[in-house]
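Reader: Could you take me through one part of this model closely, and then show me how the pieces around it meet? I'd be glad of the cut-offs as you go.

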There are 4 protein chains.
Amino acid sequence: MTKPVVLLDPHPRQRERIFNAAQWERLTAMAEVVQSEHAPMDDGLIEAMLPEAVAIIGQTPLPAARVERAAKLRAVLNVEGNFYQNIDYHACLTRGIAVLSIAPAFAVPVAEMVLALALDLARGITAADGAVRAGTERYGLAGNQDAVLLSEARVGLIGYGNIGRALRRMLAGFAADIQVYDPWLPGGALRAEQVRPADLDTVLSTSRFIFILAGVTSDNQGFLGRAALERIAPGSIVVLGSRAGVVDFDAFTDLANAGHFRAATDVFPDEPIAAGDPVRQSRLLLSPHRAGGTPAAMEAIGEMVLDDLDLILRGLPPQRLQPARWETVLKMRSPPAQGGKLP
Amino acid sequence: MTKPVVLLDPHPRQRERIFNAAQWERLTAMAEVVQSEHAPMDDGLIEAMLPEAVAIIGQTPLPAARVERAAKLRAVLNVEGNFYQNIDYHACLTRGIAVLSIAPAFAVPVAEMVLALALDLARGITAADGAVRAGTERYGLAGNQDAVLLSEARVGLIGYGNIGRALRRMLAGFAADIQVYDPWLPGGALRAEQVRPADLDTVLSTSRFIFILAGVTSDNQGFLGRAALERIAPGSIVVLGSRAGVVDFDAFTDLANAGHFRAATDVFPDEPIAAGDPVRQSRLLLSPHRAGGTPAAMEAIGEMVLDDLDLILRGLPPQRLQPARWETVLKMRSPPAQGGKLP
Amino acid sequence: MTKPVVLLDPHPRQRERIFNAAQWERLTAMAEVVQSEHAPMDDGLIEAMLPEAVAIIGQTPLPAARVERAAKLRAVLNVEGNFYQNIDYHACLTRGIAVLSIAPAFAVPVAEMVLALALDLARGITAADGAVRAGTERYGLAGNQDAVLLSEARVGLIGYGNIGRALRRMLAGFAADIQVYDPWLPGGALRAEQVRPADLDTVLSTSRFIFILAGVTSDNQGFLGRAALERIAPGSIVVLGSRAGVVDFDAFTDLANAGHFRAATDVFPDEPIAAGDPVRQSRLLLSPHRAGGTPAAMEAIGEMVLDDLDLILRGLPPQRLQPARWETVLKMRSPPAQGGKLP
Amino acid sequence: MTKPVVLLDPHPRQRERIFNAAQWERLTAMAEVVQSEHAPMDDGLIEAMLPEAVAIIGQTPLPAARVERAAKLRAVLNVEGNFYQNIDYHACLTRGIAVLSIAPAFAVPVAEMVLALALDLARGITAADGAVRAGTERYGLAGNQDAVLLSEARVGLIGYGNIGRALRRMLAGFAADIQVYDPWLPGGALRAEQVRPADLDTVLSTSRFIFILAGVTSDNQGFLGRAALERIAPGSIVVLGSRAGVVDFDAFTDLANAGHFRAATDVFPDEPIAAGDPVRQSRLLLSPHRAGGTPAAMEAIGEMVLDDLDLILRGLPPQRLQPARWETVLKMRSPPAQGGKLP
């Protein structure tokens, strides 16, 4: 029996990063893999293979015309992490072709990172390490005037997707009181997760810790402007973990520099950060877009892709990757990765 | 009806640090307070009040002769945090006088701090912040070669007292696989806490994260010597959170400097650290003994002391502070606080 | 502005059961409701309204011809609980019409019930109550020879959908060791839920408690036949909580009567049970299909339907009900409810 | 080296019930065991061995005169479960002799049982099984008019000791909102356990589920009298799990019979229950004092006794059994077990 054809077109990711040796063996055992290494797949090859392909692993452009020719296609497994705007989602979804994203593989690493950044700010870890090196440290209570505990604190989440869910599980160990603002989720869905739905102003003005985890969409770009950020309670701890585009980044930096709140960010309006960008010397705790892209996430991507591919080839629904929802996929505004900045 | 007499002798702590205004009101409502401010209580006053005192809040010296004269004494509530060797514990305990410590008030702040230090090392937070400031940052996966997740990691705890218990609750949110070495606790007691008992070598050699939380006793001083520390698996993350005296601190620093493991410490053999001490420029993540002594802990101390004093005055057993156990109290070797370094 | 048209065709459920007064007000505020009370909606009314309907709440038959005419239709919200075979799912799904089920509303009530049945068997509660009434009770250890604890027991789940997930959360409080057999879920998806994937024979032969929670499909009817049931370890506790059709019910009863295992069931091959059916006097613990249909579930149905309808009308993806997956919906074999047996 | 002498005087428990073969081997390896089988130890033997005994496992009478002669005695490990009034506790405790109880071994079995009884009442399990046997069953919603969910319910605990703590862990899986009345525990101690302190009337009048878990003391006998029980909200579910002596049992039965609340009990004023006692035909769910004494508890007793004995012989504080507190032990009024009713 011939194996089903799968196109592997992972650029800008590298095949070796996504699949370790064992995973590669698992993939080639279940499918005939047609691949493009180190570059986007050649149009000619795509056109030639499309009628036979049962699945595509990668970000191959799929306008309606191609979707129509892909008679056997069942799924597109995006391995970059953002839903590209190079696919005709309507064409796919009305043919029962799932478009899937590896975003869930980043949930745990990002949740750990934003939690770590928050704890750093709450206890002044980076600052104190620098102080000891400079000989200006203060011991015990004298050095702890601003120290804040996460345990039993009121925590606000802005955006409650994969990362928010992963973070909630971690916060359970701290008996935190969690309130969530997410306009895409009804209150009952949040209450079922044991978090309290709240409006944006309540989250901003009454949380001791704030995690900004919302993706950028056509509806919410810059929705956390200066006025909103000024509503944050003085002394709060704010971590920007999703996309710079959801905040007025200048205001965010200004307010942190002015001591209105303590803040950390893993994302920046332009990456790499320009050499002389003053954000480099700001009071923000700075993380160069490293929250998601860990070796563990890469390992998880391979496993998730193969698990779902296996289900799809057996005629079952995928379970691990995140399906594009036609209602929202066209609103997504996170840019696909550029050189060097893959999460 | 006259109120019971309570001696308040908190030096080196200050009364205002232990009791906020509401707590002070609660204390004076339940007891006649005889106090010494800003200095240890005068011997004359102690001797005069001892026969009437029902409780002592503080670290008043209590040799056997004094205990004998303290006919009404029911409890000594130490507010420094270590069991001083200036009390005849045997005399107290054979008279049913409880000697209590505020150590539980530090459990949550210390657990959060050691967790924060571990997450900092796991993700290179302090290092990456410095890199962005220096213009040498690396983005995404390129900057994450050493990144390690806590979720589902094998975690080893050395010493399982108040801090270990608090840390275990936090680790539950990470689905960590926890193994514990504590020679004072039988396996069944650990299994009842959902952690796995293990011998010291197993904890050292098979854990990805190691938390050293054991107090110093006459039995275990320096028990983590160079040979033991060399057993730690390369690439592990080690946090020293209890007392410098349990490790060979030079070896600990050497091994971290050599890259054998990543390590953080909140405690040092001599505090304050000497100006030219090379540890200041070591590869250790450095925290100047700030894990426990937070404003929240101070608030908790006041509440715990008053809760237990209230129970004691009602003829009930104390519930919140930690009672000295005669079997172990004489083995304790943590030095009482010196100037400036109160936890 | 005119409100969107929603058809309400809930039979055999009653409108008043699904929506309480406040929920009804919420529904009529967001939509123009065209309803059929106490009977399936009249064909003429359906045909007349179909071109305008944005959503259907109920089990209206929707062959392809109707779907084609339903130009504005965005969602079908089934309120019976099973995916009826009176809809052309392919036609719906290729038009982006979501078909949604209220099954999630039953997850918590069913999970509590199967847990309660298991604990009853584990401790002999129903039996002991009867013994006291009959004067044959035995006290303490003498009456507890067969008593089994759930805490730290090995628990096997057969089928891991909504109910399994709800049950897992409850089992967490018992520190149970959970293994799951579900051929539709890859191991990684189960491990992410902190349960251990296992094959069917392992679940049957090594679990102390077994919960049968699989729905009936064209693939698995009767898959737990006599030979499989005989693999269950002697003395185990078995609860049948999903559908009678997944087991050989006669074998299940025989083995329970023979004392091979202790068993409870909430479902029966024919409901109502025939008057003289010997199962009525069997050793099974008997529950007359009452696991799901509680007042709380009815309240939840109304909330979930309205939450998702609200999202759909706002152009957002539904979040609370369970979407039909085209890969599996045609395999479903749970019969729609017959008189008197609605869950 | 000679082994330390341990007296084993377990009557009315039997040695074989407490120690399985492996445990017995462990005991005899660590101590020279002098035992009395099937009867209380002979006075002559006690007197002869007392000066050498390092520990007593059992309920040997220990008036002050005996304690004085027991020069090497370090611990008395009661294996019956109640603190007998045949020991001079003051004499023991002022000599540093720990008096320990196996009560913690019963915490998990009792917590599971009271939870199971509550779930039975909440869903009518025993009643519905009887109905199916009688041919009067009602299916689905029709049979569920009184069905109540534990998930997210308000739960009241009266008394918060070992059992309450074990039950709280189980209730965590149900996201229950837990309020506790326990006059021996300050609010802060309860809040640290993530439960809400409340006064008795609040617990009685606002809880949907009430668990009565308080032991009998000289202070609280019958404190839940008719007036208190009438404060319980109609339709609540009440489980009596500790001692019949804390309630007005007639009022408790009357109110359950009148349908004021649904109730279950594991304990009775007189055990065995008299043949014609009308409680046998009451509406109470009846459990003949079987909550604690399970085979698993017996296994746990052996392990806990040996774990603590091992620590004591090594000069360390015991960790698993419950120490008598001199403040409260004299208030205890739970009668030692009588024939046939050992928990």
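Author: In chain B, helix α12 covers residues 249–257, and its buried residues are B:F249, B:A251, B:F252, B:T253, B:L255 and B:A256. Buried here means under 20% relative accessible area, with exposed over 50% and partly exposed in between (1.4 Å probe, protein chains only). Helices (H or I, at least four residues) and strands (E, at least two) are DSSP runs, numbered from the N terminus. This is a predicted model, in which local features need pLDDT of at least 70 and side-chain atom pairs count only at pLDDT 80 or more, while totals for chains, interfaces and linings use all residues. Residues are numbered from 1 along each chain as its sequence is written, chains are lettered from A and ligands numbered from 1 in the order in which they are written, and side-chain values use heavy atoms, leaving out hydrogens and water.

At the start of α12(B), B:D248 brings a side-chain oxygen to within 3.2 Å of the backbone nitrogen of B:D250. After the helix comes B:G259, with a positive phi near 80°.

Now to the meeting of the two chains. Contact (heavy atoms within 4.5 Å) links 57 residues of chain A with 58 residues of chain B. The two chains bury about 5,100 Å² between them, 57% of it from carbon and sulfur atoms; buried area is the accessible area (1.4 Å probe) that two parts lose on being put together, summed over both. A:R123, A:Y139 and A:R290 supply 15% of the area that chain A buries against chain B, more than any other three residues.

Between the chains there are two salt bridges, each a side-chain nitrogen of Lys or Arg within 4 Å of a carboxyl oxygen of Asp or Glu. A:E137 and B:R280 form a salt bridge through their side chains (2.8 Å, N to O). On the side of chain A that touches chain B, α6 (107–123), α7 (125–134), α8 (162–172), β12 (285–286) and α13 (295–313) each supply at least two residues. The largest share, ten residues, comes from α6(A).

Within chain A, the domain assignment (automatic or from a database) gives domain 1 (5–102 + 295–329) and domain 2 (106–286). Their centres, taken over C-alpha atoms, are 34 Å apart. Ten residues of domain 1 of chain A are in contact with five residues of domain 2 of chain A, and about 460 Å² is buried between these domains.

Definitions and conventions
Polar contact = N/O pair within 3.5 Å; in protein donor to acceptor, adjacent residues only side chain to side chain.
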